[in-house]
Amino acid sequence: MSALDVIGTGDERLAPRSVARRLLGRPELGAVVGAAAVFLFFSVVADSFLRASSMGTVLYASSTIGIMAVPVALLMIGGEFDLSAGVMVTSSALVSSMFSFQMTANTWVGVGVSLLVTLALGAFNGIMLVRTKLPSFIITLGTFLMLTGLNLGLTKLISGTVATKSISDMQGFPTCRDLFASHWTVGSVDLQVTILWWLGLVVVATWVLLRTRAGNWIFAAGGNADAARAVGVPVARTKVGLYMAVAFCAWISGQHLLFSFDVVQSGEGVGNEFLYIIAAVIGGCLMTGGYGSAIGSAVGAFIFGMASKGIVYAQWNPDWFQFFLGAMLLLATLLNAWVRKRAEASK
């Protein structure tokens, strides 16, 4: 689906099409093919990859990236980027931890304050974007640098170290951990609650994109913002909302980080924003906006999870992971471009 489909006077999605054409028109087709290839590859080279317990580990690694890849994909469909997403996760965890500890409050209070602060950061990115008209790369790069400095500076100022104090003995910690960092065992598979958060976000984001007016606005704003604005699409409001969605998912990821380990290192999260973008691009999102899907971002995150853990199970040098990730990004981008050209040619 592209923005032109949304803005145009006739919606060709209503015309009957063959199954093959519908499949070629899906943004995530290339990612699904790539995921199947990666799965088969590690199934052959790593004997332990197919164990049920290994799949639990792969899904957990996928979910930690996938939770953020979903809103980042929607933001990219809307034509923008967020380079502050990685450190925002850490900022969310730091606010929750330090507020709870310093105010000797119930951890749920810290969680609530963290939600408000994180949403405000997302709104700041969006409002700065629409007010200044500067590229999102510049706006969010500035936010990235400011948050990186604040995370380190305030943590050292308040805690005296680069890490927060433990909050594991505070009231509310067990219930917060149940929501954000619990796990359960099914047979020999250990499943983390982040998997449920991830899948739930994919379902909600897919519904928004394909079944709501807001979804049409996202595609339109990313495809051609001026044309979308001319037909009444609230482009500014849509983009601010997308940045706040990224912030909300950063809050979820941040609380998982905090309640998994009960302390937070202030320097964590730097560089993770590229992993979220990579997962979205591998999943079919275009760098130019107006095209992509939430399901594709989930498949891209799953590829990341398989690659990161498959290399370990194959007993390779983990230094090769970055090379593998870069190669996957290039191959997926080329495959997605080929699939899109075939889809356009078949219309």
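**Packing, surface and charge pairs in a predicted helical model**

Beyond its neighbours within four places in sequence, I303 is in contact with A31, G34, A35, V38, I282 and M328. The model is a predicted one. I303 belongs to helix α14, which covers residues 294-313. Its relative accessible area is 2%. I303 is therefore buried, as that value falls under the 20% cut-off. The C-alpha atoms of I303 and F39 are separated by 8.2 Å. Along the chain, these two residues are 264 residues apart.

The protein as a whole contains 15 helices and two strands. It has 347 residues, of which 50% count as buried. The protein exposes about 15,800 Å². Carbon and sulfur atoms supply 68% of that area.

An unreviewed UniProt entry lists several residue ranges under "transmembrane region". Two of the listed ranges were compared with the model. Over residues 29-50, the chain is 77% helix and 0% strand. The end C-alpha atoms of this range are 24 Å apart. Over residues 275-308, the chain is 68% helix, again with 0% strand. Here the end C-alpha atoms are 12 Å apart.

Helix α8 spans residues 173-181. Its buried residues are F173, C176, F180 and A181. Seen down the axis of α8, these buried residues fall within an arc of 85°, so they line one face of the helix. Their packing partners include both helices and strands. The helices are α6 (107-132), α9 (193-211) and α12 (235-261). The strands are β1 (183-186) and β2 (189-192).

W217 lies in helix α10, residues 213-223. It is partly exposed, with a relative accessible area of 21%. Apart from neighbours within four places in sequence, W217 is in contact with V233, P234, R237 and T238. The C-alpha atoms of W217 and G232 are 9.4 Å apart in space. The two residues are 15 residues apart in sequence.

Charged side chains were considered next. Side chains of opposite charge can pair when their charged atoms come close. The count for this model comes to two salt bridges. One of them joins the side chains of K239 and E80, with an N to O distance of 2.5 Å. This pair links distant parts of the chain, 159 residues apart. K239 is in helix α12, whereas E80 is in the loop between α4 (52-77) and α5 (85-102). Both K239 and E80 are buried.

R229 forms a salt bridge with D226. The closest N and O atoms of this pair are 3.1 Å apart. Both residues lie in helix α11, residues 225-230. They are three residues apart, about one turn of the helix. R229 is partly exposed, at 44% relative accessible area. D226 counts as exposed, at 58% relative accessibility.

A nonpolar patch on the surface is formed by F41, V44, V45 and W316. Together, these four residues have about 360 Å² of accessible area. W316 lies in the loop between α14 and α15 (321-345). At 35% relative accessibility, W316 counts as partly exposed.

The loop between α14 and α15 also holds Q315. Q315 counts as exposed, at 73% relative accessibility. Its phi is near 60°, a positive value in a residue other than glycine. D262 likewise is not a glycine, and its phi is positive at about 60°. D262 lies in the loop between α12 and α13 (272-282).

Definitions and conventions:
Residues numbered from 1 in each chain as written. Predicted model: local features only at pLDDT ≥ 70, side-chain atom pairs only at ≥ 80, totals over all residues. Heavy atoms only, no water. UniProt positions renumbered as here; feature names shortened; annotations may be inferred. Helix = DSSP H or I, 4+ residues; strand = E, 2+ residues; numbered from the N terminus. Buried < 20%, exposed > 50% of the residue type's maximum accessible area, 1.4 Å probe, protein only. Arc of directions from axis to C-beta. Contact = heavy atoms within 4.5 Å. Patch = residues over 30% accessible without salt bridge, like charges linked within 9 Å, V, L, I, M, F, W, Y side chains within 5 Å. Areas by Shrake-Rupley, 256 points an atom, 1.4 Å probe, with all protein chains shown as cover.
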